[in-house]
Amino acid sequence: MFAAPNVKKLKHVSRITLAIFYFSLLSINSMAEFKDFSKANIFISKKNKSTLLKTSEVLREEVEKRTGISWKLVKKYKNDADPLIVIGISDDVEDLPVEWQNKLNTLNKTGPEGYRIVMPEHNRIVIIGHDQRGALYGVGKLLRKMELRKNSVLIPDNITLSSTPKYPIRGHQLGYRPKTNSYDAWSVAQFDQYIRELAIFGANSIEIMPPRTDDDFTSRHMQLAAIEMIEAQSSICNEYDLDVWMWYPNMGSDYTNAETIKAEIQEREEVFANLPRLDHLFVPGGDPGDLEPDILFGWLEKVSVVLHKYHPNAKIWISPLVFRPTQEWFDKFYKHINGEYDWLGGVVFGPWVKPTLAEIRKKINANIPIRRYPDITHSLSSQYPIPKWDLAGAITLGRECINPRPTDQKKIHNALDQLADGSLSYSEGTNDDVNKFVWSDQDWNPETSVIETLRDYARFFISPDHTEDIAQGLLALEKNIQGPLTTNEKVQQTLWQWQEIENNASESMRSNFRYQMGLIRAYFDAYVQQRLIYETDLERQARAYLSNSHSLGTAKAIELCRVTLSKAWTAPIQAGYKQKCLDLADSLYSSIGAQLTIEKHGAMGGRGNFIDNIDNPLNDVAWIFSELNKVEKLDSEEKRLVEIETMLKRSNPGAGGFYDNFGNSQSWERVISHKSFIEDPGNLESPRVSFGVGLKNKEWVHEITAKGFEGEAAPMSWMNQVTTLYDQPLEIEYNNLNPNESYTIKIAYTGRFRSTMKLTADDIPVHDFIKTGVQPIYEFPIPEDALKDGKVIFSWTCGEGERGSQVSEIWIIKDNE
């Protein structure tokens with residue numbers, strides 16, 4: 001067993017070394033000839049046999065699964081024609097033939113967890129790990145580069161490289177709880193396989209969860225009680241010699257109460273005693289379990305005693321996460337962190353942490369490690385939402401869809417990697433599968449190209465015969481979610497690419513969950529795009545009928561409007577695409593326990609159930625129908641005509657005015673951003689798009705629907721906003737105003753936060769602090785002094801401890817004289 005990673009040893013791998021490694025990878029597979037290793041044997045040294053048996057088992061089993069070939073483990077290597085794969089660690093090198101030693105010595109030396117691979121003879125491969133883990137990662141690299149088919153093993157003849165991971169923390173969270181979109185349906189064997197696959201791509205850490213979290217205790221899918229499964233997860237990690245982390249929130253009601261403390265300690269004693277291995281305990285400052293720092297650190301002192309009773313070398317890591325952050329809270333937090341308790345492992349930077357990673361790095365002592373906890377699983381209402389996502393995508397794919405974002409993940413990783421000691425991701429299931437492997441590769445070497453990872457992913461997990469097609473297909477799926485959906489030509493092209501893969505897929509490939517995940521997204525995206533185009537046109541036609549109310553009469557115009565909009569469900573389009581999605585959802589439930597619907601597959605609402613959203617309205621039908629119901633109750637035709645015109649012209653700012661809906665990309669041209677996505681991927685210092693109308697007295701609405709405030713239907717323009725987090729100013733600029741005129745600003749304050757905001761125009765007060773979520777629309781006069789140069793910068797800020805500023809619509813209305 002290995003000790004916890006030394007974060008200092010691995011952190012400072014030179015960029016030159018990484019560049020050499022990166023360019024060496026470019027030639028593997030793409031420029032190689034292949035050697036036939038179908039009849040190979042495996043040799044591991046007697047000196048380190050006990051530590052290398054698991055590694056050789058991984059190699060043998062993964063080859064046999066894909067080829068049907070069962071390689072033998074031999075006790076010595078012979079000079080015969082049979083190919084041989086030799087696995088060892090550093091102190092085995094001296095026992096190798098001199099020629100082989102010379103080949104190895106031409107490569108760069110490795111550091112902890114690193115490996116060297118050479119082919120000293122045409123039918124010999126030697127893998128030398130710096131240590132036990134290094135040998136496993138070397139075998140993993142070899143597996144990723146092999147082409148494995150039925151009765152055939154081909155290995156590129158130029159697989160010669162030396163590699164050491166840059167960062168010491170590389171892993172992913174695999175929580176066994178109902179809230180996840182698949183993990184709660186897994187068996188012990190499935191966890192074993194998935195953990196192994198993560199290790200093959202360089203992961204050295206797995207994070208598990210205790211039985212009690214902010215979730216139900218069980219689900220209809222669970223095959224074991226949570227306490228039994230986490231014991232199994234810990235055992236699996238121990239067999240692979242991977243670090244075990246545990247995310248353990250504080251769920252007690254009062255950590256100053258003796259009875260609460262006694263019960264909480266007893267719970268932890270039972271959990272810790274049950275785990276064969278536990279290296280690190282991660283305790284979030286909040287979400288759930290908000291505690292003041294003095295109470296939090298005093299409590300963790302007590303936790304450390306029981307932790308070390310069962311796991312003497314385990315460390316406790318803490319995140320400065322608090323839902324209502326104040327400077328006083330952070331000052332106390334940093335004071336405690338810099339006290340460097342002997343049980344302290346480091347600080348965790350994750351979702352809803354207010355300070356930037358750079359700020360945290362400056363505030364804490366230089367010797368205190370930082371672990372990143374990136375949210376790679378959510379697409380909105382998250383740490384790293386999809387930038388400027390089209391509303392139709394948010395409405396249908398939702399917060400926790402299958403979400404391959406490989407190029408975004410690399411950008412997010414590399415924007416901040418130098419400030420931390422690696423990462424262990426926040427995951428809620430298999431929906432983020434691609435993202436996991438991208439992060440592992442980037443934590444190993446940030447210079448690794450995304451396409452290299454995707455080719456390895458496609459080759460090893462799906463089929464060597466479709467390596468390039470699937471790698472490019474995954475990149476194409478990411479392009480589907482970039483920019484306005486109506487005009488995104490990539491969506492149909494992406495479907496054509498995946499349909500070609502589908503037409504050539506083998507039976508075994510069709511049952512592969514990773515292939516199924518790519519295919520369902522291709523069909524889903526194309527279906528939603530076609531629906532968006534169709535339903536947008538239906539709304540255009542319906543509005544045209546209403547515009548002719550004077551000639552048709554309001555009753556007839558309303559009838560025609562309703563009939564037209566109803567065609568979205570009475571005359572639906574692309575039924576074949578939809579059925580394909582439903583069938584694939586069933587297949588994913590069978591293959592990996594993916595829960596893509598609530599009723600049929602047992603998903604939790606607002607989580608992985610994006611198939612439930614497949615027919616969500618993509619136009620303003622709910623709001624239009626609601627408004628027409630009100631119109632029909634009016635007691636005169638004249639009043640009905642007036643109300644219909646008002647409804648049709650709700651976005652009209654009047655002559656000389658301006659209107660912006662911040663779900664529209666053109667309106668974003670007014671938004672001032674001082675940092676790019678590359679500089680600030682988490683939008684802690686720059687604006688972002690957010691979604692959700694928001695319900696009165698309720699925060700954290702994750703499903704995007706046309707219901708808001710008192711529960712009435714809301715226009716689609718209220719469903720997304722421009723947002724800044726916490727007390728970061730939200731700045732929007734208007735120019736070409738007439739200094740000789742007076743104006744009124746009309747604002748729609750919608751969104752899932754219930755913040756207290758104030759507004760200024762060129763630093764002149766427009767309104768004082770207002771608690772949003774009470775009503776959607778406000779109007780205020782624009783100060784005359786702000787109009788003097790014809791340009792105004794409006795700035796919204798929140799009070800301390802608030803979640804952020806949100807604006808969905810703005811009208812600048814020229815006042816009548």
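A residue counts as buried when its relative accessible area is under 20%, and as exposed when that area is over 50%. The model read here is predicted.

Start with helix α21, residues 575–592. It has 18 residues. From its first C-alpha to its last it reaches 26 Å, close to the 26 Å expected at 1.5 Å a residue.

Now look at its buried residues. They are Y577, C581, L584, A585, L588 and I592. These residues cover an arc of only 110° around the axis, so they lie on the same side of α21. An α-helix has 3.6 residues a turn, so residues three or four places apart point the same way. The buried residues of α21 pack against α5 (188–200), α16 (490–503) and α18. Turn to the face directed away from this buried side. It carries the exposed residues A575, G576 and S590. Just after α21 comes G593, with a positive phi of about 75°.

Next, the wider packing. In soluble globular proteins, nonpolar side chains tend to be buried together. The largest nonpolar core in this model has 205 residues. W71, I85, M146 and W796 have the most contacts inside it. Helix α18 (residues 513–547) supplies the largest share of this core, twelve residues.

Finally, zoom in on W71. Leaving out residues up to four places away in sequence, W71 touches F37, S38, A40, I42, L59, R60, V63, I85, M146 and V153.

Terms used:
Residues are numbered from 1 along each chain as its sequence is written. This is a predicted model: local features need pLDDT of at least 70, side-chain atom pairs count only at pLDDT 80 or more; totals for chains, interfaces and linings use all residues. Side-chain values use heavy atoms; hydrogens and water are left out. A nonpolar core is a set of buried Ala, Val, Leu, Ile, Met, Phe, Trp, Tyr and Cys residues joined through side-chain atoms within 4.5 Å. Buried means under 20% relative accessible area, exposed over 50%, partly exposed in between (1.4 Å probe, protein chains only). Helices (H or I, at least four residues) and strands (E, at least two) are DSSP runs, numbered from the N terminus. Contact means heavy atoms within 4.5 Å. The expected span of a helix is 1.5 Å times one less than its number of residues. The arc is that of the directions from the helix axis to the C-beta atoms.
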